[in-house]
Every structure is written in structure tokens, then in C-alpha cells.
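Dear colleague,

I am passing the structure below on to you, and my notes on what was found in it follow directly after.

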Amino acid sequence: FAKENGGGFLTDHYPRASKAIWDIEGVYCSSRHIPGVRFAGLIHPGLIGTAPSAELLKIWNDRESALCAEEGTPKEKTLCGCLHTRPLA
């Protein structure tokens, strides 16, 4: 992702983000986005990205929109301003 769109430090190394959806058949993976590539490997669910439901995405977007709207105002949330409200455990 571009940094202006939420990208992180990897954009310095990979400035042109792309995606590949992998099809898993047995132990083999292939992708229509990377023609000619097929490899064997064990898949761990923690390494596979999943999209949120429409309902969850709306909750996230509403929350983030509200936070963005507060930027530059006295209501803006900062780490120091919120940290004391969180449990330490």
C-alpha cells in the first residue's frame, strides 16, 4: 500500500504493492496472478490474509473516520492521552 493509504515501512523496499491470491490444492500452491509459479509447502492459517465481513468493515471504517475527524482538534486522541485509561495487564 502507498504510505498515504496506510502503507508501512515495507513500502520503502516495495513501492509498487500488488497482490496474489493463492489457490491451494493438496500441498501445492499456484496463483493466477503469477503465471507459471507452483510450489509445495505447508500452509499455516496465520499467514493467510482474510477480509472482514461487510458489517465488521463498517464498524472499523466508522471508528477510523471518527478518529480522523478529530485530528487537529482538542478531541484528538494521542497515545499519551489514552494510555492512562488502559489496563496495564
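**Surroundings of Ser31**

Leaving aside residues up to four places away in sequence, Ser31 touches Ala20, Ile21, Trp22 and Val37, where contact means heavy atoms within 4.5 Å. Please bear in mind that this is a predicted model, in which local features need pLDDT of at least 70 and side-chain atom pairs count only at pLDDT 80 or more, while totals for chains, interfaces and linings use all residues. Residues are numbered from 1 along each chain as its sequence is written, and side-chain values use heavy atoms, with hydrogens and water left out.

Ser31 is buried, with a relative accessible area of 6% (buried means under 20% relative accessible area, with a 1.4 Å probe and protein chains only). A polar atom of the Ser31 side chain lies 3.0 Å from the backbone nitrogen of His33.

**The sheet**

Ser31 has its place in strand S2, and strands here are DSSP runs of E with at least two residues, numbered from the N terminus. The open sheet has 3 strands in the order S1-S2-S3, with antiparallel pairing (two strands pair if DSSP finds at least two bridges between them). Its edge strands, each pairing on one side only, are S1 (22-25) and S3 (38-40). Strand S2, residues 28-31, is joined to S3 by 3 bridges, and Ser30 stands opposite Arg38 in S3.

**After the helix**

Helix H1 covers residues 54-70 (a helix is a DSSP run of H or I with at least four residues), and Gly72, which follows H1, has a positive phi near 80°.

Best regards

Terms used:
Buried < 20%, exposed > 50% of the residue type's maximum accessible area, 1.4 Å probe, protein only. Polar contact = N/O pair within 3.5 Å; in protein donor to acceptor, adjacent residues only side chain to side chain. Expected span 1.5 Å × (residues − 1).
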